[in-house]
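Here is a set of questions and answers on helix packing and ligand contacts. Each answer sets a value against its criterion.

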Amino acid sequence: MSYRLGVLAGDGIGPEIVPAAVQVIDAALAATGATADWVPLPVGAAAIETHGSALPDVTVEALATLDGWLLGPHDSASYPAEHRAQLNPSGFLRKHFDLFANIRPAQAFDGTPALVPGLDLVVVRENTEGFYADRSTYRGTGEYMPTPDVAIAMGIFTRPAIERIARQACELALRRRQHLTIVHKANVLRTTTGFFLEICRAVAADYPQLEVDDFHIDAMTVHLVRRGADFDVLVTENMFGDILSDLTGELAGSLGIAPSINASHERAMAQAAHGSAPDIAGRGVANPTAMIASGAMLLDWLGAGTAAETITRGLRAAVADGVRTADLGGTAGTAEFAAAVVKTIDDLA
Ligand code: ATP
């Protein structure tokens with residue numbers, strides 16, 4: 001079996017963590033008799049230099065022909081003003097390919113300093129609408145300024161988008177510990193997030209095996225800090241999910257271990273939940289775990305479940321052996337950590 005996969009390194013720590021993920025994925029595929037044909041594609045600040053766009057057409061056209069791809073983080077806040085005004089590369093790709101489900105697991109590693117020991121949950125974030133107004137419209141961004149003193153953003157909630165994300169979350173909960181938590185703010189934003197809650201409940205009624213509860217987004221943050229290990233699958237709208245998954249990643253030990261996948265029924269994009277970490281970029285100290293584990297999620301989505309499990313085992317074995325990057329209290333650099341994961345995978349094979 002051979003997979004054609006895109007590699008979009010991105011900005012900040014992207015050119016450090018994405019090659020690390022490629023190396024580990026190659027090792028895991030080799031261990032299961034499969035291969036990847038990697039297609040490097042321009043994105044981010046480097047693509048602005050070479051192609052005049054942070055996401056050139058050539059990249060988008062090539063992605064449509066591939067089995068999936070790894071997207072490194074982008075530092076769009078640092079782009080020149082005319083590029084900042086456009087949808088950022090990952091927002092564009094999510095919208096263009098209708099990658100409606102952003103699946104963000106958070107799981108503590110044994111023996112690492114997790115803020116919530118035993119945390120093992122998945123945030124299922126609606127990825128195409130909600131309060132991220134910049135991707136809710138066919139044309140324009142959904143944010144506008146009628147006068148220099150007034151800024152307005154639209155939130156959009158549609159039945160089909162809520163139904164499909166709710167179904168995705170229910171299916172995932174069925175395969176896990178069968179507990180679904182709907183996160184909303186229906187006491188204040190009754191029409192929008194109340195609609196989200198109502199539809200999620202209706203979809204969940206088709207899954208009588210599931211235990212279903214719900215919390216307001218603000219209360220949810222408290223419950224996660226206090227007793228995060230009690231939760232299994234959380235489903236929520238776009239912006240709540242973005243914020244909540246940064247929290248759950250850090251509660252599991254570090255944002256540097258928080259993976260994610262953006263998926264439709266046809267396509268998937270692996271992308272670490274964290275950003276470009278400009279404060280540590282270029283020093284070779286970033287934790288590549290999130291990017292590597294995102295790659296494993298992509299392999300799993302492609303049906304290469306054994307290779308995905310191999311990566312997970314390799315990551316855990318390396319950490320258990322004491323090879324840790326600075327965010328987890330260790331001294332290993334990005335390349336050293338990736339090499340240790342490759343070695344454990346080779347040893348396991
Ligand atoms: P963005 O707006 O792109 O999300 P940000 O600066 O708001 O960027 P991150 O880039 O995710 O957010 O960084 C938040 C913090 O987490 C920073 O201190 C960063 O160094 C740290 N961090 C993020 N990713 C990693 C990683 N892979 N390894 C180690 N530390 C990381």
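Predicted model: local features only at pLDDT ≥ 70, side-chain atom pairs only at ≥ 80, totals over all residues.

Q: Which residues around the ligand come nearest?
A: There are 13 residues around the ligand, and His274, Gly275, Ala277, Asp279 and Asn287 come nearest.

Q: Why is H6 called oblique to H7?
A: Helix H6 (residues 159-175) and helix H7 (residues 193-204) pack at about 50°, with axes 9 Å apart. Roughly parallel needs an angle under 35 degrees, and roughly perpendicular starts at 65. The angle lies between these limits, so H6 is oblique to H7. The crossing of H6 past H7 is right-handed.

Q: Which residues make the contact of H6 with H7, and how do they divide by class?
A: H6 contributes Arg159, Ile162, Glu163, Ile165, Ala166, Arg167 and Cys170. H7 contributes Phe195, Phe196, Ile199, Cys200, Val203 and Ala204. The residues divide into 10 nonpolar, no polar and three charged.

Q: What makes H1 roughly parallel to H12?
A: The axes of helix H1 (residues 14-31) and helix H12 (residues 334-348) cross at roughly 5° and come within 9 Å. An angle under 35 degrees counts as roughly parallel, so H1 and H12 qualify.

Q: Which residues make the contact of H1 with H12?
A: On H1 they are Glu16, Ile17, Ala20, Gln23, Val24, Ala27, Ala28 and Ala31. On H12 they are Thr334, Ala338, Ala339, Val341, Val342, Ile345 and Asp346. By class, the contact has 11 nonpolar, two polar and two charged residues.

Q: Where does Val323 lie, and which residues does Val323 touch?
A: Val323 lies in the loop between helix H11 (305-320) and H12. Not counting residues up to four places away in sequence, Val323 touches Ala318, Ala332, Phe337 and Ala340. Val323 and Phe337 are 14 residues apart in sequence, yet 6.3 Å apart in space, C-alpha to C-alpha.

Q: How do you know that H8 and H9 are roughly parallel to each other?
A: Helix H8 (residues 217-227) and helix H9 (residues 238-251) have axes that cross at roughly 10° and come within 11 Å. That angle is under 35 degrees, so H8 and H9 are roughly parallel. Among the contact residues are Met220 and Leu224 of H8 and Phe240 and Leu244 of H9. The contact divides into eight nonpolar, two polar and no charged residues.

Methods: Residues numbered from 1 in each chain as written. Heavy atoms only, no water. Axes fitted to C-alpha atoms, helices over the stretch in contact; angles between N-to-C directions. Helix = DSSP H or I, 4+ residues; strand = E, 2+ residues; numbered from the N terminus. Parallel < 35°, antiparallel > 145°, perpendicular 65-115°, else oblique. Left-handed = near helix turned anticlockwise from the far one by under 90°. Contact = heavy atoms within 4.5 Å. Nonpolar A, V, L, I, M, F, W, Y, C, P; charged D, E, K, R; others polar. Near = heavy atom within 4 Å.
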